[in-house]
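Visitor: I'd like to go through the aromatic rings in this one. Could you put the model up?

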Amino acid sequence: MMTIQKSPSLLGGAMIIAGTAIGAGMLANPTSTAGVWFIGSILTLVYTWFCMTTSGLMILEANLHYPTGSSFDTIVKDLLGKDWNIINGLSVAFVLYILTYAYITSGGGITQNLLNQALGSAESAVDIGRTSGSLIFCFILAAFVWLSTKAVDRFTTILIVGMVVAFFLSTAGLLSSVKTEVLFNTIADGEQSYLPYLLTALPVCLVSFGFHGNVPSLVKYYDRDGRRVMKSIFIGTGLALVIYILWQLAVQGNLPRTEFAPVIAKGGDVSALLEALHKYIEVEYITVVLNFFAYMAIATSFLGVTLGLFDYIADLFKFDDSVLGRTKTTLVTFLPPLLLSLQFPYGFVIAIGYAGLAATIWAAIVPALLARASRQKFPDATYKVYGGNFMIGFVILFGVLNIVAQVGANLGWFASFAG
């Protein structure tokens, strides 16, 4: 009797996309967009969401012309040539490895604290150490990536449900106490201009919608069904956008714009943000739940990012899908960032700043160029992204604006909001 293979659910793919996009970095969004404030930050988030979702669909359009399992190395080399493939390959590897490293270090630190609290008592304190925390965090989650995309889908869905529950528990009190005069900055006596800070808000929002490494993984997962991949991308990025807007509303509706100075001075640190909020609302229980949320966010992002890196490495080195092949891919995926994390447990802050610049090349400019090249090479394609050539130019302009914003911010060309 013939068995009909059931196609994976849309929810699973959407959860992988949402989980990758909603990283712990979202907690810094209200601080990073304090210069443009609430209306400006919503417009920036929606603009970034649209461009990043469209560029992800452009990768999908190009990917569907190549064999299942093909990732950036195969596609960029064929459509854009060797030089672009080297530039893109370096940016993909740099971004995904740096993010994996960042998530191992931060996830390892939280794992260490949680286990020390769980295993210790007032009489006998336990300290398992940062190294052990990082190893436990990395090994458990890496096992899901080694198993299959389905295992990542299942575990990510569980983590995202926990993350969404924690998010709503932590923001319920904040959302119910939003003050319109604070949200629309009608009572402030400090800095009143918003437009000069628009460009500097863009790069942070771009990093908040990074999921592009997962597109080849989803093409494989949904057995080349472009429509299902497209829907999962829209649902996943749409969920991320809703959560970001609610978080902006919760924070910028309670903490006046002028009160962001100490938070900005500490680089948008979450504890500094909660300390500033404490003057306006009770935040003790929020701190506990937000720590849980941050851990879920780090774990889901880690799974999503490393799944994309795993499939890129498999394509680059032509490792097959056997147990031995997946083991080799797992070692190349996880070992370098793990060793780096053990050697430099607090050193990712500088590197992560440059990850955004590399991500702009790989997640905005290259996808648009791929769409243009694939339409020239495969004019009879069944799936094409909306907007024609105008949309290709629109996404490239978005990428150029982000590069100008990031380089300009580092060189001090633009005003930076200090509170």
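Visitor: How exposed is F378?
Guide: F378 counts as partly exposed at 22% relative accessibility, where buried means under 20% relative accessible area, exposed over 50% and partly exposed in between, with a 1.4 Å probe and protein chains only. This is a predicted model, in which local features need pLDDT of at least 70, side-chain atom pairs count only at pLDDT 80 or more, and totals for chains, interfaces and linings use all residues. Residues are numbered from 1 along each chain as its sequence is written, and side-chain values use heavy atoms, with hydrogens and water left out.

Visitor: How many aromatic pairs are there?
Guide: The count comes to 19 aromatic pairs, taking rings of Phe, Tyr and Trp (its six-membered ring) whose centres lie within 6.5 Å, with planes under 30 degrees apart called stacked, over 60 edge-to-face and the rest tilted.

Visitor: What about F38 and F184?
Guide: F38 and F184 form an edge-to-face pair, 6.4 Å centre to centre with 80° between the planes. F38 lies in helix 3 (residues 37-63) and F184 in the loop between helix 8 (180-183) and helix 9 (198-207), so the pair ties together parts 146 residues apart in sequence; helices here are DSSP runs (H or I, at least four residues), numbered from the N terminus.

Visitor: Is F38 buried or exposed?
Guide: F38 is buried, at a relative accessible area of 10%, whereas F184 is partly exposed at 42%.

Visitor: Why is the pair of Y66 and F378 edge-to-face?
Guide: The ring centres of Y66 and F378 are 6.1 Å apart and the planes stand at 90°, so this pair is edge-to-face.

Visitor: And clusters?
Guide: One aromatic cluster is formed by Y47, F50, Y386, F390, F394 and F398.

Note on methods: Helix = DSSP H or I, 4+ residues; strand = E, 2+ residues; numbered from the N terminus.
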